[in-house]
Amino acid sequence: AYPALQRGAWVAARDCCLCHAVGLHDVSPNPNAPTFRELRLRFNPIALERRLHPMPATGHFEMPPQSLTAADVPDLVAYIQSLEPPPGAPH
C-alpha cells in the first residue's frame with residue numbers, strides 16, 4: 001500500500017496542488033478549492049473514487065480536464081485517506 005501512497009502524493013503534487021491544499025497543514029491556493037483534509041472527511045474512499053474518475057475527461061468546477069488518469073485515481077484516493085493527523089496533532 002505504501003507505493004500507492006507515494007504515487008498518490010506525486011499525482012497530488014503534479015495535478016492538484018495549484019488549487020488544493022494537498023498536505024496536512026497547508027492552505028488551498030484557490031479559496032474555493034477544499035483541502036484534501038476536508039475531502040477525506042467529506043467522502044469515504046468509494047465515494048471519492050466515483051467523484052474523481054470522470055475528472056480526466058471533464059474536469060470539475062473551475063478545474064479543466066487534467067492529466068489525471070483512471071490508474072491514478074486509486075493512488076490519489078489512498079493518499080487523501082492517509083491525511084489523518086496522528087493522535088494529539090494540532091488540526
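Which residue forms a salt bridge with Arg14, the closest N and O atoms being 2.8 Å apart? In this predicted model, local features need pLDDT of at least 70 and side-chain atom pairs count only at pLDDT 80 or more, while totals for chains, interfaces and linings use all residues. Residues are numbered from 1 along each chain as its sequence is written, and side-chain values use heavy atoms, with hydrogens and water left out.

**View 1. Arg14 and Asp72.** The partner is Asp72, which forms a salt bridge with Arg14 (a side-chain nitrogen of Lys or Arg within 4 Å of a carboxyl oxygen of Asp or Glu). This pair links distant parts of the chain, since Arg14 belongs to helix 1 (residues 2-16) and Asp72 to helix 5 (residues 72-81), 58 residues apart. Helices are DSSP runs of H or I with at least four residues, numbered from the N terminus. Asp72 is buried at 11% relative accessibility, whereas Arg14 is partly exposed at 33%; buried means under 20% relative accessible area, exposed over 50%, and partly exposed in between, with a 1.4 Å probe and protein chains only.

**View 2. Arg14 and Asp15.** The side chains of Arg14 and Asp15 also meet in a salt bridge, with 2.6 Å from N to O. Asp15 counts as buried, its relative accessibility being 10%.

**View 3. Arg37 and Asp26.** Here Arg37 forms a salt bridge with Asp26, and their closest N and O atoms are 3.7 Å apart. Arg37 lies in helix 2 (residues 36-42) and Asp26 in the loop between helix 1 and helix 2, so the pair ties together parts that are eleven residues apart in sequence. Arg37 is partly exposed at 23%, and Asp26 is partly exposed at 30%.

Notes:
Helices (H or I, at least four residues) and strands (E, at least two) are DSSP runs, numbered from the N terminus.
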